[in-house]
Amino acid sequence: MAASPSTARAINDRLALRLLQQEGPLTAGQLKELTGLSRPTVADLVERLTAAGLIEVAGEARAQRRGPNAKLYGIVAGRAHLAALDVRTEGVALVVSDLVGGVLAEASLPIADDTGTGPAVEQAVSLVERTAKEAGADRLHTVGIGAPGLIDPATGELRDSTSLPEWHRRLVAALQERLPGARVSVENETNLAALAEQRDGSARDRDTFVLLWLGHGTGAAVILDGALRRGASGGTGEIGFLPVPGTRGLPSATDCAGGFHSLAGAAAVATLAREYGVVLPASGSDPEAAGAVRAAVSGPESAAHTRFLDTLADRVAVGVASVVALLDPGCVVLGGEIGQAGGEALASRVHDRLTAMSPLPVEVRPGALGGGAVLRGALLTARDHAQDELFGAPGH
């Protein structure tokens with residue numbers, strides 16, 4: 001059945017807007033070439049999208065022939081303002097952007113362990129309000145949040161967890177109350193990191209892969225055939241609870257001590273570094289564990305550095321081997337601050353061990369975005385949600 005004229009217009013509009021998002025400002029001639037639409041159809045959609053306030057003249061393209069330069073059309077970046085938050089146990093990082101993802105303001109705030117739930121929520125919400133004001137945003141259209149823990153697939157809410165601060169769960173409701181009209185959504189931090197690595201990082205050429213998060217905690221995100229898999233309860237990738245050899249016990253339903261986390265979490269990596277005598281730089285922005293890994297990779301070659309990296313690779317490979325055996329993803333990205341700090345030196349060591357342990361072929365790649373992947377993923381998700389809503393308006 002042929003599409004109705006209004007449906008065809010909507011499809012063409014969204015196609016043009018997506019191209020402008022991906023490519024930046026384009027001329028009508030370039031839109032015609034990229035979309036395959038006729039010149040009159042492109043002229044109509046340009047007029048329609050301009051009237052809707054979604055695109056505007058963004059400059060002129062230099063002509064290769066005599067005559068006036070062609071107008072460049074781009075998305076109206078100021079049509080909506082977005083916020084992205086990376087919520088950790090120790091604080092919040094935040095960016096505010098325009099509709100095309102251009103960062104307008106950034107901020108971060110440490111929140112101490114002994115801060116009460118109410119004060120912690122107030123500090124975080126006030127940070128969002130102040131930063132939005134600094135960015136010139138009268139209101140926020142969409143807010144994307146990345147947080148540790150399980151997201152209920154039925155409600156989209158962060159599930160209660162005894163291991164995480166209560167203010168994490170309260171924050172979403174507080175933002176919805178204090179930011180009227182804003183769409184607020186929360187996603188597991190590792191899932192967002194995987195989406196960011198797929199769009200802008202190490203997995204741009206993969207539609208099936210697993211991201212192993214190596215940071216303060218451990219986690220995994222599973223993308224199969226281009227789709228993020230969350231599981232029946234939202235718990236896909238809770239690899240910290242994976243029972244593995246080499247620990248002093250087994251994990252429990254409320255504590256991942258004894259699971260893979262005990263081998264590859266930041267505290268375990270920092271302890272391992274001290275055992276091998278890896279000396280951290282006198283100063284640096286890395287957390288202790290990531291700093292130790294970076295020092296071993298980039299510092300002078302030594303027996304201590306080699307033994308430390310080899311042992312760390314042994315530990316990481318134990319968890320990765322289980323993932324590979326179950327999912328056969330073909331590619332594993334070592335993400336988080338530790339994965340990024342280890343770079344190719346750690347990734348190649350893990351790959352060598354997997355080759356000996358598993359008959360299934362798998363690439364092991366270092367993440368390109370490190371700890372910043374969560375914030376990047378939250379911003380990309382917020383941008384997608386906002387554009388899906390706004391770009392659906394023309395033609396309806």
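**Starting from one residue**

Mentor: E187 is buried, at a relative accessible area of 10%. Buried means under 20% relative accessible area, with a 1.4 Å probe and protein chains only.

Trainee: Before we go on, what sort of model is this?

Mentor: This is a predicted model: local features need pLDDT of at least 70, side-chain atom pairs count only at pLDDT 80 or more, and totals for chains, interfaces and linings use all residues. Residues are numbered from 1 along each chain as its sequence is written, and side-chain values use heavy atoms, leaving out hydrogens and water.

Trainee: OK. Which strand is E187 found in?

Mentor: E187 is in β8, residues 183–188. Strands here are DSSP runs of E, at least two residues, and helices are runs of H or I, at least four residues; both are numbered from the N terminus.

Trainee: And what does E187 touch?

Mentor: Leaving out residues up to four places away in sequence, E187 touches I145, G146, A147, I151, L192, L228 and R230. Contact means heavy atoms within 4.5 Å. I145 is 42 residues apart from E187 along the chain, yet their C-alpha atoms are separated by 6.2 Å.

Trainee: Which residue is the bridge partner of E187?

Mentor: G146 is bridged to E187. Six bridges join β7 (residues 142–147) to β8, and the two strands run parallel. Two strands pair if DSSP finds at least two bridges between them.

Trainee: What is the strand order in that open sheet?

Mentor: The order is β6-β5-β4-β7-β8, five strands with mixed pairing. β6 (103–110) and β8 are the edge strands, each pairing on one side only. From one strand to the next, the twist averages 15°.

Trainee: Which strands does helix α4 touch?

Mentor: α4 (residues 117–134) packs on the sheet and touches β4 (82–88), β5 (91–97) and β6. The direction of α4 makes about 155° with that of β6. Axes are lines fitted to C-alpha atoms, for helices over the stretch in contact, and angles run from 0 to 180 degrees between N-to-C directions.

Trainee: And where does α6 lie?

Mentor: α6 (residues 189–200) lies across β4, β7 and β8, running at about 90° to β8.

Trainee: Switching topic. Is β10 mostly covered or uncovered?

Mentor: Mostly covered. Six of the seven residues in β10 (residues 218–224) are buried.

Trainee: How many bridges pair β9 with β10?

Mentor: Six, in the antiparallel sense; β9 is residues 209–214. The two strands form a hairpin with three residues between them. V210 stands opposite V222 in β10.

Trainee: What is the bridge partner of V222 in β11?

Mentor: R229. Three bridges join β10 to β11 (residues 227–229), running antiparallel. That hairpin has two residues between its strands, and D225 takes a positive phi near 55°.

Trainee: Now helices. At what angle do α1 and α3 cross?

Mentor: Roughly 80°, and their axes come within 10 Å; α1 is residues 5–23 and α3 is residues 39–51. That makes α1 roughly perpendicular to α3. Roughly perpendicular covers 65 to 115 degrees.

Trainee: Which residues meet there?

Mentor: R9, N12, D13, A16 and L17 in α1 meet T41, L45, R48 and L49 in α3.

Trainee: Last one. How many bridges join β12 to β13?

Mentor: Four, between β12 (residues 331–335) and β13 (residues 363–366), which run parallel. In β13, E363 is the bridge partner of C331.

Terms used
Buried means under 20% relative accessible area, exposed over 50%, partly exposed in between (1.4 Å probe, protein chains only). Angles under 35 degrees count as roughly parallel, over 145 as roughly antiparallel, 65 to 115 as roughly perpendicular and the rest as oblique.
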